[in-house]
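Have the model open as you read.

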Amino acid sequence: MRFKVMMRRLYYERLAFLSLIYLLLLILLSIIAPFIVPFDPEAQDLNNIMAAPNSHHWFGTDELGRDIFTRILLGGQAAIQAGLIGIMIPLLVGVPLGVISGYMGGIVDDIFMRVVDAILSFPAILLALAITGALGVSLWNAMIAIGIIFTPQFARLARGQTLQVRREPYVEAAKISGSGPFWIMVRHIFPNIASPIIVQASFSFSLAILVEASLSFLGMGAQSPQISWGGMLHQAYSMIFVNPLMMLFPGIAILLSVLAGNFLGDGLRIAIDPRMKRT
Amino acid sequence: MFFRFLLRRIFYVIPMLLITTLIVFSLILLIPGDPALALLGDNATAEKLAALRAQLGLDQPIIMQYWHWLTNAIQGDLGRSLFTGEYVSDAVFTRLGVTFQVVAMAMIFSFAFGLLFAITSVIKPNSWMDYIARFFGVLGTAIPNFWLAMILVVLFSVHLGWLPATGFTSISDHPVDFMKSVLLPSFCLGSFGAAQITRQLRSSLIEVLESDYIRTAYSKGLLLWQVIWKHGLRNALLPVVTTAGLLFGNMLGATVVIESVFAIPGMGQLAVHSILQRDFPMLQGVVLIMVLMILIINFITDVIYGVLDPRIEFE
C-alpha cells in the first residue's frame with residue numbers, strides 16, 4: 001500500500017490521527033524539553049514540599065520540593081527513547097531475519113521458528129528484567145533488553161508475511177529476470193510486507209513505554225538523577241501514605257502515551273485494511 | 001487418533017524445552033566481562049572468585065557448562081543462592097505456591113469481568129453498557145498495572161481501610177485473610193486479562209451471532225439469553241481458551257511488578273530481589289521454573305483446544 005493512501009485513510013480515523021499528533025508532539029517536546037522547562041529538575045523548593053498543583057508549580061512538587069511538571073517533561077525523554085529503541089532493534093534485526101527465514105524456507109526456517117517460539121514463551125517483562133540484570137542495571141541496558149524481547153515477534157510477523165508474498169507473480173517475474181535473492185528481498189518482498197510491520201511497530205512502541213516504566217518503577221531502569229515516569233512513580237509509591245497526589249501525573253503521562261500508541265495501531269490497521277473496521 | 005495428536009504435541013514441546021533451557025543458561029553469557037567478578041563485586045578475594053568460578057563451572061568450555069547445568073537441573077539441582085546459600089530449588093518451590101494462588105485468583109477475575117463485559121456489550125450494541133465495556137477493554141490494556149495498584153491502595157487501604165496495602169496470607173492459613181490480601185493484587189494482575197478477554201470475546205460473539213445457525217435458533221423461538229448462552233458462548237469461547245494460555249504467561253511475568261508493589265513473597269519478588277543482589281543462580285532458577293510452567297500450560301491449552309473444537313482433526 002502506498003504511504004500517502006495510508007495516511008489519507010488514517011486521517012479519517014479521528015482517534016488514531018489525534019494519537020499520531022500526540023505522539024509527534026511528545027517526541028518534539030522531549031527533544032526541546034531541556035530548553036523550555038520552567039525549573040531545574042533537581043532544584044529543591046524547600047518551602048514548597050509536596051505542594052498541590054498551583055499556578056507556580058503546575059503539577060505540584062515532590063517530597064524534595066522538585067517541580068513535577070518539569071520532571072514529567074524531561075521524563076518523556078526516557079519513554080520516547082525506550083519506545084524508539086524498542087522498535088528500532090526489532091526492525092533492524094528481527095524483520096531481516098524473518099524475511100530471510102521465510103524466503104529461504106527449509107530446515108533453517110524450521111529451526112529459526114522454533115527458537116522464535118521458544119523466546120516468545122518467556123513472559124516479556126521477566127525476560128527483559130533478566131536481560132537487564134545480566135547486562136547490568138541501567139536505563140540504557142533496559143532499553144536494549146526491551147528491543148531484544150520484541151525482536152522475535154517482528155521476526156515471526158515478517159516471516160509469515162514473506163511466506164504469503166514469495167509466490168506472488170511479481171516475485172516470480174523478478175526471479176526469472178535474473179534478480180538475486182538479496183535484491184528480491186529488498187526490492188520486492190520488503191515493500192510489500194511493510195504495512196503490517198508498521199502496525200506492529202505502533203503497538204510495540206506503546207508496549208515499550210509500558211515496559212520501560214515498569215522496569216524503572218522496579219529500580220531496574222532509570223537511576224537517579226535520570227528521570228523516568230516509572231521512576232517518578234516509584235518515588236511516589238514511597239510517599240503513598242503521605243501524599244497520594246504525587247502519583248497522579250506520571251501515571252497519566254504513561255497511560256496517555258500507551259493509549260496513543262494503541263489507538264494509532266488500531267487506526268493504522270483499519271487504514272491498511274478497511275474490512276477490519278467491523279470488529 | 002487422539003493419541004497420535006498428543007504424541008505430536010509432545011514432540012513439539014521437547015525441542016522447545018531444550019531451547020528455552022539454553023536461553024535461560026545463556027543469560028550468564030550476557031554478563032559483561034568476568035561474571036564471577038561482576039557477581040561478587042570488586043572487593044572479592046581471589047579464593048572467593050575461584051570458588052564461584054568452580055561453582056558456576058566458568059573454567060570449562062561453554063557447551064560443557066550448559067551440559068552440567070542442564071543435567072543438574074533435570075535432577076532438580078538448580079544450584080545454591082550466592083547470597084543466602086540456600087538451595088535455589090527450595091527457595092523457588094516455597095514461593096511457587098504463593099504466586100500460583102495470586103495468579104489463579106487473577107485468572108478468575110479476568111474471566112468473570114471479561115465474560116460479564118463481553119456479554120453485556122453484545123446484548124445491546126452501541127448502548128451505554130456497550131460503551132462501558134469497550135471503555136474498560138481499551139483502558140485495561142493500556143493502564144500500567146502498578147499505577148492501578150497504587151490508586152487502589154490509596155482508595156481501599158489508605159482512605160477506606162478495608163484491605164491491607166501489603167502482605168500475603170496463604171489460603172491454607174486463613175481463607176478470609178487470604179481473600180483480603182489477594183483481592184487488590186489479583187485484580188491489578190487480572191485487569192489486563194479482563195480487557196483482553198472482553199475485546200476478543202466481544203468480537204467473536206458479534207461474529208458468531210451473525211451466523212446462520214443463530215438466526216435458526218431465533219426462529220425456533222429461543223430468547224436472547226438462551227441463544228447467547230447455548231449457541232453463542234459455546235462457539236465464541238473457543239478462541240478464548242488459547243488466550244487463557246497466553247494470559248497465564250503474561251500474568252506470571254506481571255507478578256514481577258505486582259508482587260513488588262504489594263510485598264508478596266512470590267516468584268516475581270524473588271526475581272527482582274535476585275537481580276538487585278546479583279544472585280544469578282537464583283534468577284536463572286526463577287526464570288526456568290516460570291517458563292516451564294508456561295510451556296506446560298500452553299501444552300494443556302493446545303490439547304484442550306484440540307478436544308473442544310471438533311473442526312480440528314487429530315491428524
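Which side chains of chain A and chain B meet in a salt bridge? They are A:D266 and B:R199, at 3.8 Å from N to O. This is a predicted model, where local features need pLDDT of at least 70, side-chain atom pairs count only at pLDDT 80 or more, and totals for chains, interfaces and linings use all residues. Residues are numbered from 1 along each chain as its sequence is written, chains are lettered from A in the order in which they are written, and side-chain values use heavy atoms, without hydrogens and water.

**The interface**
- Chain B brings 50 residues into contact with 43 residues of chain A (contact: heavy atoms within 4.5 Å).
- About 4000 Å² is buried between the two chains, 81% of it from carbon and sulfur atoms (accessible area, 1.4 Å probe, lost on being put together and summed over both parts).
- B:F146, B:W147 and B:M150 supply 16% of the area that chain B buries against chain A, more than any other three residues.
- The rule finds one salt bridge across this interface (a side-chain nitrogen of Lys or Arg within 4 Å of a carboxyl oxygen of Asp or Glu).

**The largest cavity**
- The largest cavity holds about 60 Å³ of space (a cavity is a set of points on a 1 Å grid over the protein atoms alone where a 1.4 Å probe fits but cannot get out; its volume is the space filled by probe spheres set on the points).
- Its lining includes A:D62, A:R71 and A:M246 (lining residues have an atom within 4 Å of a point).

Technical notes
1 Å grid on protein atoms, 1.4 Å probe; cavity = no way out; pocket = protein on both sides within 12 Å on 5 of 7 lines; lining within 4 Å.
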